[in-house]
Amino acid sequence: MVSWMICRLVVLVFGMLYPAYASYKAVKTKNIREYVRWMMYWIVFALFMAAEIVTDIFISWFPFYYEIKMAFVLWLLSPYTKGASLLYRKFVHPSLSRHEKEIDAYLVQAKERSYETMLSFGKRGLNIAASAAVQAATKGTGTGAYRTATRRMSVGQILRWFPGYQPGPERSP
């Protein structure tokens, strides 16, 4: 438990806070060499954080796991070992270069799907909200004809009742 807490503190301070401040200084001084150094660090560190999720679950029982993790973060950060630059140049850059087109295509596809999904959920949410509003409004009136007529209205027709409503372009699913 103590090693876990110390490890979290080391990763926070030396893995995130110090590099964030050093990145700020690189941006402020407009030093291109430092830009590149810290960009390589952040790419490698992001991959480390993604891998850490899995390793924490499956191999955190390993003796000296947290100590090894702390040493790795310090090794990545050290200007003497240049661990992040070494890993980036030897493994990350070649691997990303080989798969860049597939990754880009996947990201474009994911963006399109997420947009369509959010649009679909938005329409469903508006339909549910409009139905609930119509049901709440008709409960007090007691007139069946009004209730039947409003249930058949589309969301766009109901939204036109609200002041300032501007209909946008319709997208087909």
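Predicted model: local features only at pLDDT ≥ 70, side-chain atom pairs only at ≥ 80, totals over all residues.

Residues are numbered from 1 along each chain as its sequence is written, and side-chain values use heavy atoms, with hydrogens and water left out.

**Overall layout.** I looked up the secondary structure and found six helices and zero strands. Helices (H or I, at least four residues) and strands (E, at least two) are DSSP runs, numbered from the N terminus. Of the chain's 173 residues, 20% count as buried. I also checked contacts (heavy atoms within 4.5 Å). Among those in the chain with a separation of 6 or more, 57% join residues 24 or more positions apart.

**Record check.** The unreviewed UniProt entry lists residues 38-62 as "transmembrane region". UniProt positions are given here in the numbering used here, feature names are shortened, and annotations may be inferred rather than shown by experiment. In the model, I found that span to be 84% helix and 0% strand, with its end C-alpha atoms 31 Å apart.

**Glu52.** Is Glu52 buried or exposed? Glu52 counts as buried because its relative accessibility is 4%. I placed Glu52 in helix H2, residues 32-58. Its side chain makes a polar contact with the side chain of Arg8, at 2.8 Å. A polar contact is a pair of N or O atoms within 3.5 Å; within protein, one must be able to donate a hydrogen and the other to accept it, and residues adjacent in sequence count only if both atoms are side-chain atoms. Leaving out residues up to four places away in sequence, Glu52 touches Arg8, Tyr65 and Lys69.

**Aromatic pairs.** How many aromatic pairs does the structure hold? I noted eleven. Rings of Phe, Tyr and Trp (its six-membered ring) pair if their centres lie within 6.5 Å; planes under 30 degrees apart count as stacked, over 60 as edge-to-face and the rest as tilted. Phe48 and Phe72 make a tilted pair, 5.4 Å centre to centre with 40° between the planes. Phe48 lies in helix H2 and Phe72 in helix H3 (residues 65-77), so this pair ties together parts that are 24 residues apart in sequence. Phe48 counts as buried at 12% relative accessibility, whereas Phe72, at 29%, counts as partly exposed. The ring centres of Tyr65 and Tyr66 are 5.0 Å apart and their planes are at 75°, so I logged that pair as edge-to-face. Ring pairs also link Tyr18, Trp38, Tyr41, Trp42, Phe45, Phe48, Phe72 and Trp75 into a cluster.

**Helix H3.** I listed Tyr65, Tyr66, Lys69, Met70, Val73, Leu76 and Leu77 as buried in H3. Seen down the axis of H3, its buried residues fall within an arc of 140°, so they line one face of the helix. The arc is that of the directions from the helix axis to the C-beta atoms.

**Ser23.** My last stop was Ser23, in helix H1 (residues 2-29). Ser23 is buried, with a relative accessible area of 16%. Apart from neighbours within four places in sequence, Ser23 is in contact with Trp38 and Trp42.

Technical notes
Buried < 20%, exposed > 50% of the residue type's maximum accessible area, 1.4 Å probe, protein only.
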